[in-house]
Amino acid sequence: MHQLRIDGCDTGHVPIVGSAHITEADNLDYLASIESESVKLVVTSPPYNLGKDYERRSPLDDYLAAQTKVVAEAVRVLHPAGSICWQVGNYVDNGEIVPLDILLYDTFAKHDLKLRNRIVWHFGHGLHCSRRLSGRYETILWWTKTDDYTWHLDPIRVPSKYPGKRHFKGPRAGELSGNPLGKNPSDVWEIPNVKSNHPEKTTHPCQFPIELVERLVLSMTDEGDTVLDPYAGVGSAQIAAAMHGRTGIGCELDASYVAVARERFAQLADGTLRTRPMGKPVYDPNLPNGGH
Ligand SMILES: C[S@@+](CC[C@H](N)C(=O)[O-])C[C@H]1O[C@@H](n2cnc3c(N)ncnc32)[C@H](O)[C@@H]1O
């Protein structure tokens with residue numbers, strides 16, 4: 001368990017205490033130990049059944065049946081004002097793609113969850129395909145348990161395109177037409193994926209960029225809330241939670257990833273963890289200095 005104190009972040013002058021925890025365990029065993037309705041945000045990226053280092057390829061029906069059990073537990077532990085964010089890409093078989101969010105839609109809908117957004121995460125790097133277009137996005141299904149869900153737009157606003165634009169006629173003529181805090185980031189997010197030259201890269205082949213989870217944590221939880229990742233990998237979700245005064249918990253099967261996660265939590269606590277800051281512009285080779 002790693003507790004950290006980040007002074008002045010988010011709330012101005014009040015110190016925020018966040019913490020990050022990871023358990024080496026199978027997620028169904030782990031989830032059984034979590035109290036019902038105690039988690040404000042479940043955020044995760046499960047294996048895609050592609051036969052990566054950390055998974056064994058199985059028939060799609062078996063994959064779906066296994067996911068169905070984990071989803072049921074995620075719903076049980078979810079607070080009535082909570083959200084589930086399930087981040088997936090495509091299962092690929094002999095060049096044919098199966099979008100996993102489409103496959104999983106009914107699994108969530110059967111629990112009477114409400115889909116608030118299907119967020120498209122667009123990134124610049126990946127395999128170059130020769131017989132189809134190269135895949136450059138994955139999705140996050142954002143579900144809530146009820147209509148009365150925790151939601152904060154202001155902490156995740158992004159700079160407006162025309163920040164000084166004013167109404168030029170009507171009763172509000174001369175006033176700023178946009179929100180001075182910035183605009184809604186929309187449901188298409190351009191965030192670099194974690195490849196070899198990313199500051200957060202570890203030994204894990206598919207880790208979350210921390211800034212992606214930060215957006216979800218800041219908008220869907222309050223300080224002190226619990227954020228859970230049942231496929232925790234190297235602990236990116238817990239780090240994002242702890243950075244903002246939340247309690248990040250989760251489990252991971254592979255002991256080597258658990259060790260890397262714990263090392264990262266220690267670095268976060270002593271201030272040496274390298275992260276890509278939320279809101280940093282994406283590198284653009286056509287601009288001087290990449291636009292930075
Ligand atoms: C796509 S990765 C998630 C990476 C994570 N988002 C991160 O930022 O590091 C999926 C992870 O789930 C783990 N996993 C697979 N089956 C599991 C299970 N039944 N219980 C717990 N973890 C599991 C794998 O070892 C793998 O690290």
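Student: What makes up the buried part of α4?

Tutor: Ile-210, Leu-212, Val-213, Glu-214, Arg-215, Leu-216, Val-217, Leu-218 and Met-220 are its buried residues. Buried takes 20 or more other C-beta atoms within 10 Å of a residue's own, exposed 12 or fewer, and partly exposed lies in between, with C-beta atoms placed from the backbone. Helices are DSSP runs of H or I with at least four residues, strands runs of E with at least two, numbered from the N terminus. Bear in mind that this is a predicted model: local features need pLDDT of at least 70 and side-chain atom pairs 80 or more, while totals for chains, interfaces and linings use all residues. Residues are numbered from 1 along each chain as its sequence is written.

Student: Why is helix α4 called largely enclosed?

Tutor: Nine of the eleven residues in 210-220 are buried, so the rest of the structure largely encloses this helix. The cover over its buried residues includes β4 (39-44), β5 (78-88), β8 (114-122), β11 (226-229) and α5 (236-243).

Student: Which residues is Val-217 in contact with, leaving aside neighbours within four places in sequence?

Tutor: Leu-41, Val-227, Ala-240, Ala-241, His-244 and Arg-246. Contact means that the two C-beta atoms, placed from the backbone, lie within 7 Å.

Student: Okay, and why does Ser-33 count as exposed?

Tutor: Ser-33 has 10 C-beta neighbours inside 10 Å, and the limit is 12 or fewer, so Ser-33 counts as exposed. You'll find Ser-33 in the loop between α1 (27-32) and β4. Its C-alpha atom is 9.8 Å from that of Val-77, 44 residues apart along the chain.
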